[in-house]
Amino acid sequence: MQQQMEKLLHFTDAVMKNAVRESDELRKQLEETRTQALERVRDEAKEAARAYYDKEAARIRAEAGREISKHLMESKREIYLRRKEIGQEVFDKVRERIAQYTASPEYPEHLKELLLSALKQLPGATRVSLRLRQEDLPLGPELAKAAAPVEVEYEEGSFSLGGLAIRCPELGLRVDCSFDNRLEELSSHFAESFGLSLSDDEL
């Protein structure tokens, strides 16, 4: 990523130097033309040369500006698309690791720890509704037992990666400890940290 940014900066620097060099060469040519014109018809040639210089300088600036803007936008788009690809690759690997973990012997015990941690956020609750992914529903009785004396009803949740969520109607509170929710939070944080956006400040 750093190498791409350095290449981009090197490219824009080269374009700018080339535009400045062309502008300097044109300025020299115009100065020579202006000097020769002054020798022939001093007052009239001076005014004509200045008008010509201003027109040409404005044209060159506009043309160079358009070219630079075009290259910058193309480069920004390429960087943005690559960042999205990297982000997708990262989270595909995260999902793969989560799938491996939820298939491991350690996962049921982790669900118990998640449940007890979530219940601590619902002080005074006597009854809760536990949401699990479909594959984890067989663990419901064991989790309900671990939550005693809190009464637990369990059912399938709307998430698929794992973890759990609990809802307490008597307190009107919900605690989401699903891996899907955590991955979504991680995705948002990753986008902010990695800069998955198109911003003029980046270049």
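Rings of Phe, Tyr and Trp (its six-membered ring) pair if their centres lie within 6.5 Å, with planes under 30 degrees apart called stacked, over 60 edge-to-face and the rest tilted. With that in hand, Tyr101, Tyr107 and Phe179 come out as one aromatic cluster. This is a predicted model, so a local feature needs pLDDT of at least 70 and a side-chain atom pair counts only at pLDDT 80 or more, while totals for chains, interfaces and linings use all residues. Residues are numbered from 1 along each chain as its sequence is written, and side-chain values use heavy atoms, with hydrogens and water left out.

Let's stay with those rings for a moment. The ring rule gives 2 aromatic pairs. In the pair made by tyrosine 101 and tyrosine 107, the ring centres are 6.0 Å apart and the planes sit at 80°, so this one is edge-to-face. For burial, the scale is relative accessible area with a 1.4 Å probe and protein chains only: buried is under 20%, exposed is over 50%, and partly exposed is in between. Tyrosine 107 is down at 1%, so it counts as buried, whereas tyrosine 101 has 31% and is therefore partly exposed.

Now step back to the whole chain. Helices (H or I, at least four residues) and strands (E, at least two) are DSSP runs, numbered from the N terminus. The protein has 5 helices and 4 strands, and along the sequence they follow the pattern α-α-α-β-α-β-β-β-α. Of its 203 residues, 31% count as buried. Contact here means heavy atoms within 4.5 Å. Among contacts with a separation of 6 or more, 69% are between residues 24 or more positions apart.

Next, the sheet. Two strands pair if DSSP finds at least two bridges between them. The 4 strands make an open sheet in the order S2-S1-S3-S4, and the pairing is mixed. Strand S2 (151-156) and strand S4 (173-178) are the edge strands, each pairing on one side only. From one strand to the next, the twist averages 20°; for such angles, axes are lines fitted to C-alpha atoms (for helices, over the stretch in contact), and the angles run from 0 to 180 degrees between N-to-C directions.

Strand S3 (residues 163-168) runs antiparallel to strand S1 (residues 127-132), and 4 bridges join them. Serine 129 has arginine 167 in S3 as its bridge partner, and arginine 131 stands opposite alanine 165 in S3. On to S4: it also runs antiparallel to S3, with 6 bridges joining the two, including the one that partners glycine 163 with serine 178 in S4. S3 and S4 form a hairpin with 4 residues between them, and glycine 172 in the turn has a positive phi of about 70°. Why is S3 described as largely enclosed by the rest of the structure? Because 5 of its 6 residues are buried.

Helix H3 (residues 107-120) lies across S1, S3 and S4, running at about 30° to S3. That brings us to the nonpolar core, a set of buried Ala, Val, Leu, Ile, Met, Phe, Trp, Tyr and Cys residues joined through side-chain atoms within 4.5 Å. The largest such core has 28 residues, of which Leu115, Val128, Leu130, Leu164 and Ile166 touch the most other members. At least two core residues come from each of helix H2 (42-102), H3, S1, H4, S3, S4 and helix H5 (179-194). H3 gives the largest share, 6 residues. Leaving aside neighbours within four places in sequence, leucine 115 is in contact with Leu130, Leu143, Ala147, Leu164 and Ile166.

Aspartate 136 lies in the loop between S1 and H4, and at 3% relative accessible area it is buried. Its side chain makes a polar contact with the side chain of arginine 133 (2.9 Å). A polar contact is a pair of N or O atoms within 3.5 Å; within protein, one must be able to donate a hydrogen and the other to accept it, and residues adjacent in sequence count only if both atoms are side-chain atoms. Beyond its neighbours within four places in sequence, aspartate 136 is in contact with Tyr107, Leu111, Gly162 and Gly163.

Glutamate 142 is found in helix H4 (residues 140-146) and is partly exposed, with a relative accessible area of 37%. The side chain of glutamate 142 makes a polar contact with that of lysine 112 (2.8 Å). Glutamate 109 is 33 residues away from glutamate 142 along the chain, and their C-alpha atoms are separated by 10.0 Å.
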